[in-house]
Amino acid sequence: MEFVLSELCEQVVTARAAQRPLLIRGGGTRLFYGGPLPPEGTVSRLDLSAYQGVVSYEPSELVLTARAGTPLAEIEALLASRDQMLAFEPPRFGAAGTLGGCVASGLSGPRRMAAGSLADFVLGTRLLNADGNVLRFGGEVMKNVAGYDVSRLLAGSLGVLGALVEVSLKVAPRPRREATTVLALDESCALDLCLRWRSRPLPVSATAWVADASGASGKLSVRLSGNESAVRQGLEEIGGEQLPEEAADAFWLVLRDQTHAFFRQRPLWRIVLPAGAPALGLGPVLHEWGGCQRWLAGSHDAAALRDRVRALGGSACLYRREGASADVPAFHPLADGVLQIHRRLKREFDPAGIFNAHRLYPEL
């Protein structure tokens, strides 16, 4: 593997000397996410898929370290063999999805509302920078994360600061018991209930509200995770119709991996709002995370949508841009002060601007 890493370093040095931009990729399953891809022939590809393998795994310490090209499916199979998991449930987008792409995209799945985001589980990273050097940040225990936490900064950075080559993650035990119950509710009632449950000692690990064919009503699915007594008491308080285990597992799987029919619609917006935000009433929508993450389908005026979401304290990402104007930025525009911080970070890590140009923000 050191030979593979050496070749990657040489490729970066060559690209910088030639002022040739690089597009970082692993399994290629997340290339849809972010700004438009550059035209073929204008960039070189830095392919990390061959740099793979689990470096270390300590089940008793709940820590795993693996190279960026390691398939996510391989990591999760290893964790499952020890009754452990990635608590943030990242979407996998197929068997080719890699750990590096998972961390660089920063996307979390249904359990994020209870467990925390992907960034919360990143302990350490190794980054291939624009000089062709490999830098190490963080470590394999929480106490090593001191000062400016660069490792978590890299989560969701889409490779604009450099190429992730290795990641250390905190993993978690699987819950002893899980159960899912379904309630027939309209959107506003579903949002009100989710907000109310936040103040209750309920072991809710995921929620999802999906509208029915009429759009006037829908179904709220609620997953509870924990020990037997906590889940049983939660089911009694929430009510609804409990799903059979197999059907429940299948539902959360298609939601996690975004193979649910709703995700086939284009364009597709990902909206993040604070708890308690009202229904937007803008068309077909799917809620997760107690209403804090909302998927909105259809064509919308980007500026008007983002102004409305900003007024509610949230942000709107053009997640799947097919059918949308090419000049609409993928991510919610930054305030001037925050943008200046991003630009300074980009200059520090990648002064030549060779890594994933414009994939995160047009200005980077």
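This is a predicted model: local features need pLDDT of at least 70, side-chain atom pairs count only at pLDDT 80 or more; totals for chains, interfaces and linings use all residues.
Me: Before we start, what makes two rings a pair?
Reply: Rings of Phe, Tyr and Trp (its six-membered ring) pair if their centres lie within 6.5 Å; planes under 30 degrees apart are stacked, over 60 edge-to-face, and the rest tilted.

Me: Which residues do ring pairs link into a cluster?
Reply: The cluster takes in Phe-32, Tyr-33, Phe-93, Phe-262, Phe-263, Trp-295, Tyr-319, Phe-331 and Tyr-361.

Me: OK, how many aromatic pairs does the structure hold?
Reply: There are 12 aromatic pairs. Take Phe-137 and Phe-349: their ring centres are 6.3 Å apart and the planes sit at 55°, so that pair is tilted.

Me: Where in the chain are Phe-137 and Phe-349?
Reply: Phe-137 is in strand β7 (residues 134–138) and Phe-349 in helix α10 (residues 336–349), 212 residues apart, so the pair links distant parts of the chain. Strands (E, at least two residues) and helices (H or I, at least four) are DSSP runs, numbered from the N terminus.

Me: Is Phe-137 buried or exposed?
Reply: Buried, with a relative accessible area of 17%. Buried means under 20%, exposed over 50%, and partly exposed in between (1.4 Å probe, protein chains only). Phe-349 is also buried, at 14%.

Me: And why is the Phe-262 and Phe-263 pair edge-to-face?
Reply: Because their planes are at 85°, with the ring centres 6.3 Å apart. Both Phe-262 and Phe-263 are buried.

Me: New topic: which ring does the charged end of Arg-67 sit over?
Reply: The ring of Tyr-51, 5.5 Å from its centre. Arg-112 has its charged end over the ring of Trp-289, 5.2 Å from the centre. The test for sitting over a ring is NZ of Lys or CZ of Arg within 6 Å of the ring centre and within 35 degrees of the ring normal.

Me: Now helix α7, which residues are buried there?
Reply: In α7 (residues 228–238), Val-231, Gly-234, Leu-235 and Ile-238 are buried. They cover an arc of only 100° around the axis (using directions from the helix axis to the C-beta atoms), which puts them on the same side of α7.

Me: What about the other side of α7?
Reply: Gln-233 and Glu-236 are exposed there.

Me: And what follows α7?
Reply: Gly-239, whose phi is positive, near 80°.

Technical notes:
Residues are numbered from 1 along each chain as its sequence is written. Side-chain values use heavy atoms; hydrogens and water are left out.
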